Amino acid sequence: MDTLEINKAVAAVLIGGISFMVAGLIGDVLVRPKRLEKVAIPIETGAPVAATAAPAAETVPPIGPLLAKADPAKGEATVKKLCVACHTFNEGGKPGVGPNLYGVVMGPHGHQQGFSYSAGLKDKPGNWDYEALNHWLKKPAAYAPGTKMAFAGISNDQDRANVIAYLRSLSASPAPLPQP
Ligand code: HEC
């Protein structure tokens with residue numbers, strides 16, 4: 001091999017190395033890595049998530065079909081658990097935290113004389129028909145904003161109907177049942 005051939009080989013290696021370096025430098029100039037300001041894909045940490053869309057208004061199914069298969073005895077049992085701390089149910093019974101509830105079905109809002117009702121309930125138009133009781137007992141605070149009845153409501157539809165069927169029985173002449 002003569003010297004010229006050796007020179008060519010050395011030049012080839014050098015040019016190869018220089019091209020590699022230059023390519024790297026140009027690459028750095030063209031593609032500038034930039035740090036993200038914040039994490040692009042947040043990872044769940046178990047921290048409370050901001051409330052998403054507000055829950056749709058609760059629907060209360062019509063009381064007719066539920067009352068048709070309601071059991072007042074079961075309603076009475078529920079009332080003994082949930083309501084007697086505040087209400088009496090006997091005819092002429094004294095009010096407690098809440099009014100006496102004998103004969104409340106079809107009566108006016110605030111049916112017991114002398115009980116100090118909230119304006120939110122007393123001034124609400126309408127009366128205690130079955131559908132009103134259905135909504136009231138589902139969520140008292142939604143039916144009469146500002147009510148004094150500190151009770152969350154009965155969410156189970158049939159339980160609620162059973163209680164209304166029991167309230168209906170608290171009368172000398174119970175109101176007729178609605179058409180289912
Ligand atoms: C923590 C006490 C409390 C509990 C428990 C409670 N109530 Fe009441 N209730 C009240 C008060 C107080 C009022 C009067 C509300 C007002 O003036 O806003 C009331 C009002 C009512 C009324 C309207 C009466 C009227 O004359 O207009 C009905 C019907 C009623 N309650 C049914 C029930 C039933 C049925 C239950 C059980 C499932 C129940 N409540 C549980 C305190 C209570």
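Tutor: Begin with contact, which means heavy atoms within 4.5 Å. This is a predicted model, in which local features need pLDDT of at least 70, side-chain atom pairs count only at pLDDT 80 or more, and totals for chains, interfaces and linings use all residues. Residues are numbered from 1 along each chain as its sequence is written, and side-chain values use heavy atoms, with hydrogens and water left out.

Student: Which residues does T78 touch, not counting residues up to four places away in sequence?

Tutor: T78 touches C83 and V163 on that count. T78 itself lies in helix 3 (72-82); helices (H or I, at least four residues) are DSSP runs, numbered from the N terminus.

Student: Is T78 buried or exposed?

Tutor: Buried means under 20% relative accessible area, exposed over 50%, and partly exposed in between (1.4 Å probe, protein chains only). T78 has a relative accessible area of 13%, so T78 is buried.

Student: Why does T147 count as buried?

Tutor: T147 is buried because its relative accessible area is 17%. T147 lies in the loop between helix 6 (140-143) and helix 7 (157-169). Leaving out residues up to four places away in sequence, T147 touches S118, W136, P140 and A141.

Student: Which backbone atom does the side chain of T147 reach?

Tutor: The side chain of T147 reaches the backbone nitrogen of M149 at 3.1 Å.

Student: How is a pocket found, and what volume does the largest pocket have?

Tutor: Rolling a probe the size of a water molecule over the atoms shows where empty space is left. On a 1 Å grid over the protein atoms alone, using a 1.4 Å probe, a pocket is an open set of points with protein on both sides within 12 Å along at least five of seven lines; lining residues have an atom within 4 Å of a point. The largest pocket has a volume of about 520 Å³. Of its 30 lining residues, the closest to the centre are H87, G98, P99, W136 and M149. Helix 5 (130-138) gives the largest share of the lining, 3 residues.

Student: Which residues touch the most other members of the largest nonpolar core?

Tutor: A nonpolar core is a set of buried Ala, Val, Leu, Ile, Met, Phe, Trp, Tyr and Cys residues joined through side-chain atoms within 4.5 Å. Here the largest has 30 residues, and F89, W128, W136 and L167 touch the most other members. Helix 7 supplies the largest share of this core, 6 residues. Not counting residues up to four places away in sequence, L167 touches F89, L101, V104, V105, L133 and L137.

Technical notes. Helix = DSSP H or I, 4+ residues; strand = E, 2+ residues; numbered from the N terminus. Polar contact = N/O pair within 3.5 Å; in protein donor to acceptor, adjacent residues only side chain to side chain. Points joined across faces, edges and corners; volume = space filled by probe spheres on them.
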